[in-house]
Each structure stands twice: as C-alpha cells, then as structure tokens.
Amino acid sequence: MRGWKNNLRISFSTAIIVVCLQNALASGCSSGFITFELITGYVYTSPGDTMELVPGTLKLTDCLSLCNANATCQAINFETGLCVLFSSSANQRPNALTPSQFPVFTIYAHKVCLLGRKRCDRDWMFERVNGYELRDVARSSAIVMSREACMELCLNEVQFQCRSANYNRMTGECFLSDKDRTSLSLTSTNRYFGQSSESVDYLESNCVDGKSPIN
C-alpha cells in the first residue's frame with residue numbers, strides 16, 4: 001500500500017513539473033527566446049505524453065516548426081517520413097531518452113529558453129553529444145548553473161566566434177572554443193574529439209557563420 005502511494009506521489013510530482021515547464025516556456029521566456037537543442041541518434045519514449053504522429057514529414061525543420069507552433073509541444077522525435085510531438089521532454093524524464101536502434105536513426109530535440117538576444121535565425125541553436133568533449137582547444141571557461149547558461153555564454157562571446165562548448169553537469173564548468181567538429185580536419189577531429197565522462201556534454205553551436213544547417 002505504501003509503495004502504491006509513493007508511486008502515485010512520484011507520478012503526480014512529475015506531472016506538476018511537466019506542466020510548470022510548459023507554462024514557463026510558453027510565458028516565462030520574456031527575457032529571452034525559445035529555441036531547440038538537438039541530440040542525434042537518440043529517441044524519446046513517453047507514450048502518455050505523445051501528442052501527435054505526423055507521417056510524411058520529410059525534413060527536420062518541418063518537424064521543429066510543427067512543435068514550435070504549438071505551445072504545449074516540448075519535444076520531438078524525427079526520422080525521415082515521421083515526426084512525433086510530445087508534451088514533455090527529457091529535461092523532466094531523462095530516463096525516457098535512449099539511443100535509437102539500428103537501422104532506425106532518430107533525431108530528438110526539445111525546447112529550451114535562452115536568455116538574451118537571439119543571435120541568428122536558425123531552427124535550432126545547439127546540437128548536444130552526450131558523454132563526449134572537444135579536448136585541449138578551449139579559449140575560455142567559467143562556472144555556470146546550467147547547460148543553458150553555458151549555451152548563452154557561447155552565443156554571447158565577443159572575443160572570438162564560439163563554435164562549441166564542453167559542459168560538465170557535476171562541476172558546472174563550461175569551456176568555450178572557437179573550434180568544432182566541422183572546423184577541424186578529420187585527423188584533428190579524431191585526435192581532439194572523443195568520449196569523456198557521463199557528466200560531460202559537448203555542445204555544438206548552429207549559430208555560426210557559414211555553417212550548413214541540416215534540413
């Protein structure tokens with residue numbers, strides 16, 4: 001009986017968190033802007049929060065536009081020909097985000113609120129690679145409170161063009177770099193880009209001059 005009550009309490013608390021985040025993104029981003037963070041090769045599974053399946057969606061940007069136009073939508077799964085909209089995201093349900101299984105390759109994205117001025121007109125601002133980092137090429141560093149704050153530092157950097165960042169969720173360390181996977185040669189990428197601890201995320205900016213966006 002006690003276990004049933006605890007499970008109910010956890011489910012109720014999770015529902016409150018989801019609703020609060022929806023309200024925050026819908027009306028609480030007045031000091032900034034809403035954009036998307038991508039995680040390629042991952043799929044989000046939360047059947048109770050599935051809003052809509054949209055077959056025939058051939059472009060990632062079209063899928064993002066569908067979610068962006070709906071205040072309730074918090075995240076999407078995209079694979080060529082199918083867009084799935086969700087009313088929750090991996091921010092509330094991190095265990096619901098898992099690597100997609102071959103041969104299906106899924107792109108997951110969720111809304112984030114970034115403070116400050118929107119620096120470029122792109123459908124998403126950052127792509128995240130969990131557990132990876134770009135080593136030994138940092139130009140500056142700071143301690144921040146969140147991954148979003150690390151993204152904001154990168155977007156607002158004025159001393160150099162920030163192309164990527166490493167963010168450590170355990171320590172709050174945010175390392176900014178004027179290099180990313182596409183600006184390095186293949187040999188250099190293999191040397192500098194690689195697996196790190198589970199607490200480190202590689203964040204690659206899509207708000208870079210001359211960067212070719214994914215359609």
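The exercises below walk through a predicted model of a protein, each with a worked solution.

Residues are numbered from 1 along each chain as its sequence is written, and side-chain values use heavy atoms, with hydrogens and water left out. Because this is a predicted model, local features need pLDDT of at least 70 and side-chain atom pairs count only at pLDDT 80 or more, while totals for chains, interfaces and linings use all residues.

**Exercise 1. Find how many helices and strands the protein has, and what share of its residues is buried.**

Step 1. Begin with the secondary structure, where helices (H or I, at least four residues) and strands (E, at least two) are DSSP runs numbered from the N terminus. The protein has four helices and 14 strands.

Step 2. Next comes burial: buried means under 20% relative accessible area, exposed over 50%, and partly exposed in between (1.4 Å probe, protein chains only). Of the 215 residues, 46% are buried.

Step 3. Now look at contacts, meaning heavy atoms within 4.5 Å. Among contacts with a separation of 6 or more, 73% are between residues 24 or more positions apart.

**Exercise 2. Work out which strands the buried residues of helix 3 pack against.**

Step 1. Helix 3 spans residues 147-156, and eight of its ten residues are buried, so the helix is largely enclosed by the rest of the structure.

Step 2. Those buried residues are Arg147, Glu148, Ala149, Cys150, Met151, Glu152, Cys154 and Leu155.

Step 3. Their packing partners are strand 1 (32-40), strand 7 (107-115), strand 8 (126-130), strand 11 (164-168), strand 12 (173-177) and strand 14 (200-205).

**Exercise 3. Describe how strand 14 is placed: which strands pair with it, and which way do its side chains point?**

Step 1. Six of the six residues of strand 14 are buried, so this strand is largely enclosed by the rest of the structure.

Step 2. Side chains in a regular strand alternate between the two faces of the sheet. In strand 14, Val200, Tyr202 and Glu204 point one way, and Asp201, Leu203 and Ser205 point the other way.

Step 3. Strands count as paired if DSSP finds at least two bridges between them. Strand 8 runs antiparallel to strand 14 over five bridges, with asparagine 130 opposite aspartate 201. Strand 11 is also antiparallel to strand 14, joined by five bridges, and there alanine 165 has leucine 203 as its bridge partner.

**Exercise 4. Find the disulfides and work out which parts of the chain they tie together.**

Step 1. Taking a disulfide as a pair of cysteine sulfur atoms within 2.5 Å, a search of the whole structure gives six.

Step 2. Cysteine 29 and cysteine 113 have their sulfur atoms 2.1 Å apart. Cysteine 29 is in the loop between helix 1 (2-27) and strand 1, and cysteine 113 is in strand 7, so the link ties together parts 84 residues apart in sequence. Cysteine 29 is buried at 10% relative accessible area, whereas cysteine 113, at 22%, is partly exposed.

Step 3. For cysteine 67 and cysteine 73, the torsion about the S-S bond is about -105°, so the disulfide is left-handed. Both of these cysteines are buried.

Step 4. Cysteine 120 and cysteine 207 are joined with their sulfur atoms 2.2 Å apart. Cysteine 120 lies in the loop between strand 7 and strand 8 and cysteine 207 in the segment after strand 14, so this pair connects parts 87 residues apart in sequence.

Step 5. With the bonded cysteines numbered in sequence order, the pairing reads 1-6, 2-5, 3-4, 7-12, 8-11, 9-10.
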